[in-house]
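Welcome! Keep the model open beside you as you read.

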Amino acid sequence: MSEQQKKNKKEQKPKFNYYWIYAIVFFVLIAIQFLPSMANTGDEISEVEFFDSYLKAGKVEKVSIVNKDYVEVVLKEDAITPKDGEAVSQKALNKKFTILSIDEFRKQLWGVMGQLEEPIKVETIERTDWRSGIMSWFLPLLLFAMIWIFIMRKVSGSMGGGGGQIFNIGKSKATLFDKETSVNVTFNDVAGLDEAKEEVVEIVDFLKHPKKYTALGGKIPKGALLVGTPGTGKTLLAKAMAGEAKVPFFSISGSDFVEMFVGVGASRVRDLFKQAREKAPCIIFIDEIDAIGRARGKNVMQGGNDERENTLNQLLVEMDGFSSKKGIIMVAATNRPDVLDQALLRPGRFDRQIVIDKPDIRGREAIFKVHIKPLKVSENIDLVRLAGQTPGFVGADIANVCNEAALIAARHGKKAIDNKDFQDAIDRHIGGLERKSRIISPEEREIIAYHEAGHAICGWYLEHADPLLKVTIIPRGIAALGYAQYIPKERFLYNSDELSDQMCMLLGGRVAEDIIFGKVSTGAQNDLERITQMAYSMITLYGMNDKIGNISFNDQKGEYNFKKPYSEQTSNMIDEEVRIIIADAYERTKEILTGRKSELTTIAKELLEKEILFKSDLERLIGVRPSEMLPPGKADIASSSERKKQSEEEKNV
Ligand code: ADP
Ligand code: ZN
């Protein structure tokens, strides 16, 4: 810790405690009550005594009527005989008494005074006690102040603290992790996610050695967008980046910018970047960026959300504002990159997208390993089996399972956590998940495996199908239960052979289910939708059907809204032809797959075990794809297009 930091820490340390104010005020109030008042402190006498013993006897020098309420009397010095030669004190000469009626008293006083030889002084005084004065204005003020403070604390408390004053509302609520509250997460704590880690290594390296890059005039990406379902470790990865680079880390959620007051979001963005500039080099992490980064101007109908747009605009302005030499890297996380505003994804902003998928079986094993490390487990924990039993789990689920297992073991008074505890923990976690989202049963999993294997085999043996990248039965999103991912060729024209090959590939899933189980499932809904659309397009758009002919009914302008541009008869013919095309494709697919039942089974079994298969795995299992064997030069083209990962488009089939 440097000197400067030490000093900072000291300055921050003695936090001012508001309760001291209350205590001081309270004591002052009490003290005031005990202060001597300025009023006459003489002895109390009665009204009768005053007239008979003093006034009529000519002993009175002065009479003061105070506030028409009571009377203070000063006696002549010789009115009292001193005891034993002591001097008569001033106090002994002072007397006072309360009067009942001021008019009565005056009348009587004048009456008696008329008979006296020497006149006496009579005065009327209005005297206010300063203490009652203080009470009358100070107390209400104090009360107001206290209520004000109380309300302010409540308000700021409900906003999640961060200074605790209404004046802080425009300040960013980012949590800062720097050297004191250090980020000691490293890449070792992030299991799996190897591809994502590779992508961010460069950013980390830049933060560590900025000169190496800037010396050559290179520009480093300002931002990276982590895309993936919740709990897959996006925050963890961003933290690990900061931890590896040993730089401060600002963490904030997109929804933290949103407040009901206008202008607050934008001012929070400004404040966040101001703080970041002071701490640069650093990493700013914005979780759930879709809360502010949604495409603008889409909901004009509802009057739009100006406040959110302002916030987003401010974010864009700030991102443009800092030069990458400053060393501020923005990392954002989202589950929905599709709803983000295009401006956010432009070069110079979040131009790098890093996809974080749910972990496969090996990834889960690695995550288990990380989370078991701090636990006390018995020797024989079978990580492979645990990973196999938790399909569809993300990192957060596994962290939860490990913790739950430790709690269960503790409840049973065990010395170490054993396999049974993990088993119970998994069961319990699945029980909780079933209510929230779908968990896939072993039977369903088998169906999905054969379905995806069907797609893969079909694509493998069809000449015109796109080359396969990977096939997996790890669910992604809500809709797709598994998917096969292909590398589409970059082209705009397809001939009818290619379209029909693609249809066969899409049908592969359903046909595989049909062949293996003798019945079909709802899993092919998305496939069928696309096939139907393709078939109709072939006939009505591309003129690829002999019976209908070279006709295209393109309805781009929406002219045919209410009536079809063709007769009832043509309509029936189109429907009929669509059915024929799809039926033909189905037959063809069935032919392909029936002949390759054993290969289908091999792939499905392997999928059940490994959950994810790459092209190389398929080559190992069923040999090189026939269309890629000849001619010799063609193989190179295929693999070079494979490297073109950037342009790859995913098809969930
Ligand atoms: P996200 O930001 O994607 O919603 P988090 O990064 O907050 O997910 O992950 C929540 C927790 O799950 C982490 O704190 C960590 O304990 C655990 N976790 C998630 N992914 C991994 C992983 N790949 N390796 C180790 N732990 C993980
Ligand atoms: Zn499918």
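**Exercise 1. Decide whether Leu 193 is buried or exposed, and find its place in the chain.**

Solution. Start with the accessibility: Leu 193 counts as buried because its relative accessibility is 19%. The cut-offs are under 20% relative accessible area for buried, over 50% for exposed and partly exposed in between, with a 1.4 Å probe and protein chains only. Next, look at the location: Leu 193 sits in the loop between strand S6 (175-177) and helix H7 (194-208). Helices (H or I, at least four residues) and strands (E, at least two) are DSSP runs, numbered from the N terminus. Finally, check the backbone: Leu 193 has a positive phi of about 50°, although it is not a glycine.

A word on the ground rules: this is a predicted model, in which local features need pLDDT of at least 70 and side-chain atom pairs count only at pLDDT 80 or more, while totals for chains, interfaces and linings use all residues. Residues are numbered from 1 along each chain as its sequence is written, chains are lettered from A and ligands numbered from 1 in the order in which they are written, and side-chain values use heavy atoms, leaving out hydrogens and water.

**Exercise 2. Describe the backbone and setting of Glu 288.**

Solution. First, the angle: phi of Glu 288 is near 50°, a positive value in a residue other than glycine. Then the setting: Glu 288 belongs to the loop between strand S9 (282-287) and helix H11 (290-293). With 42% relative accessibility, Glu 288 is partly exposed.

**Exercise 3. Work out which residues are closest to ligand 1 and how they contact the ligand.**

Solution. Begin with the shell: 16 residues surround ligand 1 (a heavy atom within 4 Å), and the closest are Ala 191, Gly 231, Lys 234, Thr 235 and His 371. Now take the contacts one by one.

- A backbone N or O atom of Ala 191 is 2.8 Å from a nitrogen atom of ligand 1.
- Gly 231 places a backbone N or O atom 2.7 Å from an oxygen atom of the ligand.
- In Lys 234, a side-chain N or O atom lies 2.9 Å from an oxygen atom of ligand 1.

Last, the elements that give two or more residues to the shell are helix H9 (234-245), helix H14 (361-372) and helix H16 (395-411).

**Exercise 4. Find where His 455 lies and what its side chain contacts.**

Solution. His 455 is part of helix H18 (residues 442-461). At 0% relative accessibility, this histidine is buried. The side chain of His 455 makes a polar contact with that of Asp 527 at 3.1 Å. A polar contact is a pair of N or O atoms within 3.5 Å; within protein, one must be able to donate a hydrogen and the other to accept it, and residues adjacent in sequence count only if both atoms are side-chain atoms.

**Exercise 5. Explain which parts the salt bridge of Lys 590 and Asp 514 ties together.**

Solution. The two side chains meet at 3.4 Å, N to O. Lys 590 lies in helix H21 (residues 568-595) and Asp 514 in helix H19 (residues 496-517), so the bridge ties together parts 76 residues apart in sequence. A salt bridge is a side-chain nitrogen of Lys or Arg within 4 Å of a carboxyl oxygen of Asp or Glu.
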